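Hi everyone, thanks for coming.

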Amino acid sequence: ATTPSGNDITANIERVDDATFSKMGTGMTESSGIFTFPSTGLYLVELSATIYIPSGNDGSAGVEVHVSSDSGSSFDPTCIAQGGNDAGGQGYVTACNRTFVNVTNTSTFQLKFKATSMSNASVEGDTGTSYTMFTFIRLGDSQ
């Protein structure tokens, strides 16, 4: 478990480092959970989050994508990957979603991820396996 509910995901983030991974171009930059884009363009951002929901009161939990176009002064939520657990027992859920970000200025556009939950669920991660992952794909020029 890496991130409690209601907090930005700021730690335990790494680029995939196994032998089968490769990236094209420069790739995204991340510092303390804030992602910056290497070039302008229309990006597809995909999110897949594995969430641990402990026994008790949690009815749902998720991870949100928040985007800023003003250097981080304000962030707008653009999508959420969310799953539920109505039975009240502990369990894991993997939820996925995607959003588009039209980056027109690399100096001012930023992106972050935030854990959300009704109680105390957590986002799962592991250095050897991608339990939770974020994918950034540049589709073309800015629109």
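Let me start with a question: is Asp-141 buried or exposed? Asp-141 is exposed, with a relative accessible area of 56%; here buried means under 20% relative accessible area, exposed over 50%, and partly exposed in between, using a 1.4 Å probe and protein chains only.

A word on the source: this is a predicted model, where local features need pLDDT of at least 70, side-chain atom pairs count only at pLDDT 80 or more, and totals for chains, interfaces and linings use all residues. Residues are numbered from 1 along each chain as its sequence is written, and side-chain values use heavy atoms, leaving out hydrogens and water.

Now the salt bridges, meaning a side-chain nitrogen of Lys or Arg within 4 Å of a carboxyl oxygen of Asp or Glu. There are three in the structure. Asp-141 pairs with Arg-138, with 3.1 Å between the closest N and O atoms, and Arg-138 is partly exposed at 39%.

Next, Lys-112 and Asp-8 meet at 3.1 Å, N to O. Lys-112 is buried at 15%, while Asp-8 is partly exposed at 29%.

Finally, the cysteines. The structure has zero disulfides, a disulfide being a pair of cysteine sulfur atoms within 2.5 Å. Cys-79 is buried at 11%, whereas Cys-96 is exposed at 56%. Thanks, all!
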